[in-house]
Amino acid sequence: MRLLSTLMRINLLMFGAVADAAGTREAEVEVAEGLTAGELVESLKAKHPGLAGQKLLIAVDQEYVAASTPLEPGCEVAIFTPVSGG
Amino acid sequence: MSDFYELTTDVIDIVSVARRVVPPECGATVTLDGYARRFTTDKATGEVRETEYLVYEAYEPMALKEMAKLVERAKVEFEISAVGIVHRLGRLEIGETSVVISVAAPHRKAAFTACEWLIKELKRTVPIWKKEVYADGEAWSEGDSVASA
């Protein structure tokens with residue numbers, strides 16, 4: 001648990017099945033400073049039960065990142081299911 | 001001759017894509033025409049579903065960056081001279097082209113190999129999603145993937 005954490009703003013983008021489950025495609029959210037990409041995904045899953053058990057990918061500022069990557073203030077975080085173009 | 005990668009909501013003219021990658025030092029262009037199929041088999045249940053139409057969406061700026069990386073990697077990996085990729089977004093009717101990949105090479109073998117590699121990688125890394133719309137519902141298609149959370 002983080003105590004006395006300061007907050008930072010990030011820009012959250014969602015696509016496809018994630019956007020449908022969350023009911024929104026874009027949100028400016030306040031999160032604890034130092035939150036990791038994976039922790040953000042977990043909080044999103046907790047908030048939207050439709051995402052439980054879903055394999056999700058994360059991109060920060062348009063590059064794929066690992067779940068352990070800490071988020072920076074003002075970054076653009078995109079969360080989505082495995083891609084299915086082609 | 002320069003490479004290109006584009007996203008469009010317009011109908012893709014396959015010939016015009018293919019003819020944009022014909023450098024004079026080459027002798028062959030291999031072009032993939034990926035199009036919207038009518039029937040899909042559910043990976044989990046084996047059930048065959050009939051699709052009425054498809055909707056593609058993309059995380060556009062990242063999709064373009066990932067397409068650029070693919071082209072760059074393909075040109076290092078294979079003996080090819082030029083690559084053009086165009087992916088359609090929005091609603092597609094059955095039979096309409098969703099993706100065109102054209103690869104020009106001095107000799108055809110490298111162009112075939114690179115084209116196959118490019119579509120495989122595109123389906124794995126480029127943030128584009130396909131929704132299948134049926135008579136009685138819809139479902140986002142889920143791909144195999146790079147990194148997971």
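Visitor: How do the side chains of B:Arg38 and B:Glu50 meet?
Guide: They meet in a salt bridge, 4.0 Å from N to O. The term covers a side-chain nitrogen of Lys or Arg within 4 Å of a carboxyl oxygen of Asp or Glu.

Visitor: What should I know about the model itself?
Guide: This is a predicted model, where local features need pLDDT of at least 70, side-chain atom pairs count only at pLDDT 80 or more, and totals for chains, interfaces and linings use all residues; side-chain values use heavy atoms, without hydrogens and water. Residues are numbered from 1 along each chain as its sequence is written, while chains are lettered from A and ligands numbered from 1 in the order in which they are written.

Visitor: Back to that pair. Where do B:Arg38 and B:Glu50 lie?
Guide: B:Arg38 is in the loop between E2 and strand E3 (39-41) of chain B, and B:Glu50 is in strand E4 of chain B, so the pair ties together parts 12 residues apart in sequence. Helices (H or I, at least four residues) and strands (E, at least two) are DSSP runs, numbered from the N terminus.

Visitor: Is B:Arg38 buried, exposed or partly exposed?
Guide: B:Arg38 is partly exposed, with a relative accessible area of 36%. B:Glu50 is partly exposed too, at 45%. Buried means under 20% relative accessible area, exposed means over 50%, and partly exposed is in between (1.4 Å probe, protein chains only).

Visitor: How many salt bridges are there over all chains?
Guide: The count comes to 15. One of them joins B:Lys75 to B:Asp3, with the closest N and O atoms 2.8 Å apart. B:Lys75 is in helix H2 of chain B and B:Asp3 is in the segment before strand E1 (4-8), so this pair ties together parts that are 72 residues apart in sequence.

Visitor: Which residue does B:Arg20 meet in a salt bridge?
Guide: B:Glu6, at 2.9 Å from N to O. B:Arg20 sits in the loop between helix H1 (14-18) and E2 of chain B, and B:Glu6 sits in strand E1, 14 residues apart.

Visitor: New topic. What is around B:Thr51?
Guide: Leaving aside neighbours within four places in sequence, B:Thr51 is in contact with B:Arg37, B:Arg38, B:Thr40, B:Ile94, B:Glu132, B:Val133 and B:Tyr134. Contact means heavy atoms within 4.5 Å. B:Thr51 lies in the loop between strand E4 (48-50) and strand E5 (53-58) of chain B. B:Thr51 is buried, with a relative accessible area of 1%.

Visitor: Which strands form an open sheet in chain B?
Guide: Four strands do, in the order E7-E5-E9-E10, with antiparallel pairing. Two strands pair if DSSP finds at least two bridges between them.

Visitor: Which strands stand at the edges?
Guide: Strand E7 (90-93) and strand E10 (137-140) of chain B. Each has a single partner strand, so one side of each is left without a neighbour in the sheet.

Visitor: How many bridges join E5(B) to E7(B)?
Guide: Four, and the two strands run antiparallel. B:Tyr53 has B:Glu93 in E7(B) as its bridge partner.

Visitor: What about cores? How many residues has the largest nonpolar core?
Guide: It has 31 residues. Such a core is a set of buried Ala, Val, Leu, Ile, Met, Phe, Trp, Tyr and Cys residues joined through side-chain atoms within 4.5 Å. B:Ile80, B:Ile85, B:Ile101, B:Val103, B:Leu118 and B:Ile128 have the most contacts inside the largest core.

Visitor: Which element gives the most to this core?
Guide: H3(B), with eight residues.

Visitor: And B:Ile85: where does it lie?
Guide: In strand E6 of chain B. B:Ile85 is buried, with a relative accessible area of 0%. Beyond four places in sequence, its contacts include B:Phe4, B:Met67, B:Val99, B:Leu118 and B:Leu122. B:Ile85 and B:Val99 are 14 residues apart in sequence and 7.3 Å apart in space, C-alpha to C-alpha.

Visitor: What do the buried residues of H3(B) pack against?
Guide: Strand E4 (63-64) of chain A, together with strand E2 (28-35), helix H2 (60-77), strand E6 (82-88) and strand E8 (97-105) of chain B. Among the buried residues of H3(B) are B:Ala110, B:Trp117 and B:Leu118.

Visitor: Last one, in chain A. Where is A:Val29?
Guide: In strand E2 (residues 26-32) of chain A. A:Val29 is partly exposed, with a relative accessible area of 21%. Not counting residues up to four places away in sequence, A:Val29 touches A:Met8, A:Arg9, A:Ile10 and A:Leu12.
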